[in-house]
Amino acid sequence: MQLVLAEKPSVGAELARVLHADQKHAGYFEGNGYIVTWSLGHLLTLKMPEQYHKEWAEWTFNTLPMIPETLEITPLKETHKQLAVVKSLAKRSDIKVGIIATDAGREGELVARYIFDYLKFNKPLKRLWISSQTDAAIIDGFAHLRPASDFENLHQAALARAEADWLVGLNVSRALTVKYHDSLSAGRVQTPTLAFVAAQEEKINQFKPQTYYQLSVKTPLGNASLDHQFSDQHLAQVEADQLSKQQLTVTAVKTKHETVQPPLPFDLNELQQVANLQYGFSPKQTLNTLQRLYEREKLVTYPRTDSRYLTTDLKATMGARLAAMGRFSKTAAQLAKRGTAPDYVYNDAKVGDHYGLIPTEEMVEPSRLEPDELKIYRLIAMRFIDLFKPAYRADVLTYTLQAGKQTLTVKTTSVIEPGFKAVEKSSAEALPVGAKLSGKFLVKAHQTNPPARLNEATLLGKMDHFGLGTPATRADIIDKLQAAGSMEKRGRELLVTTKGHALLKLVNPDLVTPDLTARWEAQLQAIEKGQTTRSAFMGDIKAATKRLVLEVKQSTVKYDDPNLTMKKCPECGSRLREKSTKMGVKLICSNPECHYSRFRDPKLSNHRCSNCHKKMVILTGNNGDYFKCQNCGNTEQMSAAKGKKGRVNKRETQRLMKQYSKQAEPEEESPLALALKAAMKNKD
């Protein structure tokens, strides 16, 4: 038997179907010589500090920096049942080989290797490496399994990334929290990303608008503008009046034959940018939609790609891919018979783990797709179809015009071949040197505009340019900054919050600029390519961690908690701090020894007042939560209200009791988030 480990249950079910492993069991499928099981994302994670040394549970500078000799992994409580399933399967005597079938990338490799390493799996291990989830791709992939050792460099890079984030993130965040008595999180990628947005805001704040005047003239060739700008409107008008009395003379004509090839396929980063600009999709929304098109619909190739080129072995599949798009595009069906993609799109040397995003050979049925899926599929499909269309060709004529002592330029374009562009053929009038033109000069007032705020598309572009993160991680980074309250989105624009600005003043300068993080990311890529080692990289990370923690300890920067209110805790008298939750804003005592908290605003329930039958709100008192009527002032204990049959909806009461009598629990928190959550309780 061969043990196949997928990353998700849905992918596992698809692999089992294709492999004819038809017997369904709890947590796995079996049959035809295969056992197909899955993780649920990560089943294991790096240990928390207190799991190495008990004294590391205490949040003080005395325990910093925390640098274990070896970073170890531990099971996640939420997924321990599935890990037990995989463990029991791996120990079966009839298992002869293990097959890694998790996502074909750095993070997918880590998911599987953590599991097999933890289980001490000592049988041959192979790797399924495919770029699409079609039946044909899966069958071909299993026919050409590769030794897991071929991907050892990828495994080492994945380990290095996780360990670097643990060391830098946990140590610096804990140092900031201890120093400034607030839950402050700093990361090697998050912080410089936040700094990009702050730097753009600073440019906007420093911008001073200026008014200037420019002369333009309408000619048979088009509008021509004088390059010179006037700061005085009167002088500009005088010049316009004088030039209007003179004819324009063509003194030079420059002809340029312009050829524009169809653009290459999307990589993930560019697709996220275009989807944000065209549809307002967040990077995470685009990635999630793309993942469904890849896994569930099987209509596109591997999403998390950083290449826009294709490999030469794909040439033979182009016709089938176009034919499969027949119901989506008549043009694709026509091109399938005769179309060929240009040679420049095929470049094996520029393809890393995965080639550019293109449609698969799976037949598309547009009516089956959700609206968001259809939008993303359309972007990928139309970019792919354009590859098989001719290049855009045009003649661009640049005329130099003389009026008195002033020189102007104007361009005309004659479209010879529209090609892949949605334009018509056109022919512009050609004039010889010496030709005379007339026109009236006009004065137009202009004002300089401030730089535009960053949006998710432009932020992705900056992250890509400076090498921050990878196409697979950038969406999560932007989401985490917003979830942490350091950055917010207004419309499509990104802004740094008061807390975010305060954090950037406290964080080490090396973590604010992208240089250090980009250098680390380049080293991770070098590990993948076998150009350096994980141990050398981690040596640099450990040294940097010690230095960064020391800088926080010695810092003299003051911090004003933007979330601290003037409200006093009824139990200890300390000031209350605001914290946003999914259920609303909570007021939490800033005293680390006190655990008082309540919601800032009353919560309206479906429970009706026994006096006036109006809906009551939920408040928190010394004895817990209770109902209060804002109409007549009547109060009722939740326990008493629960016993009134006929007056209280039992299901609603149970929901409210669960929702408000307990603190909100996070969905799936990372080790860093769990550590920060305990910050105010465990430190001095």
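**View 1. Leu 379 and the residues it touches in a predicted model.** Setting aside neighbours within four places in sequence, Leu 379 is in contact (heavy atoms within 4.5 Å) with Phe 266, Leu 271, Val 274, Ala 275, Gln 278 and Tyr 279. Leu 379 sits in helix H12, residues 371-386; helices here are DSSP runs of H or I with at least four residues, strands are E runs of at least two, and both are numbered from the N terminus. With 10% relative accessibility, Leu 379 counts as buried (under 20% relative accessible area, with exposed over 50% and partly exposed in between, using a 1.4 Å probe and protein chains only). For a sense of scale, Phe 116 is 263 residues from Leu 379 in sequence and 38 Å away in space, C-alpha to C-alpha.

A note on the model: it is predicted, so local features need pLDDT of at least 70 and side-chain atom pairs count only at pLDDT 80 or more, while totals for chains, interfaces and linings use all residues. Residue numbers start from 1 along each chain as its sequence is written, and side-chain values use heavy atoms, leaving out hydrogens and water.

**View 2. Helix H8 against helix H9.** H8 (residues 268-279) and H9 (residues 283-295) pack at about 115 degrees, with axes 9 Å apart; the axes are lines fitted to C-alpha atoms over the stretch in contact, and angles run from 0 to 180 degrees between N-to-C directions. On the H8 side you'll find Leu 268, Leu 271, Gln 272 and Ala 275, meeting Pro 283, Thr 286, Leu 287 and Leu 290 of H9. By class, that contact has six nonpolar, two polar and no charged residues (nonpolar: Ala, Val, Leu, Ile, Met, Phe, Trp, Tyr, Cys and Pro; charged: Asp, Glu, Lys and Arg; polar: the others, Gly among them).

**View 3. Helix H5 alongside helix H17.** The axes of H5 (residues 152-180) and H17 (residues 514-528) come within 7 Å and cross at roughly 155 degrees. That makes H5 roughly antiparallel to H17 (over 145 degrees; under 35 is roughly parallel, 65 to 115 roughly perpendicular and the rest oblique). This crossing of H5 past H17 is right-handed. H5 brings Asn 153, Leu 154, Gln 156, Ala 157, Ala 160, Arg 161 and Val 168 to the contact, and H17 brings Trp 520, Leu 524, Ile 527 and Glu 528. The residues of this contact split into seven nonpolar, two polar and two charged.

**View 4. The rings of Tyr 180 and Tyr 559.** The structure holds twelve aromatic pairs (rings of Phe, Tyr and Trp, the last by its six-membered ring, with centres within 6.5 Å; planes under 30 degrees apart are stacked, over 60 edge-to-face and the rest tilted). Tyr 180 and Tyr 559 form an edge-to-face one, 5.8 Å centre to centre with 65 degrees between the planes. Tyr 180 lies in H5 and Tyr 559 in the loop between helix H18 (534-554) and strand S19 (564-568), so the pair ties together parts 379 residues apart in sequence. Tyr 180 is buried at 10% relative accessibility, and Tyr 559 is buried at 13%.

**View 5. Asn 634 in its loop.** Asn 634 is found between strand S25 (624-628) and strand S26 (635-637). Asn 634 is buried, at 17% relative accessible area. Not counting residues up to four places away in sequence, Asn 634 touches Cys 609, Ser 610, Asn 611, Met 616, Phe 627, Lys 628 and Cys 629.

Definitions and conventions
Left-handed = near helix turned anticlockwise from the far one by under 90°.
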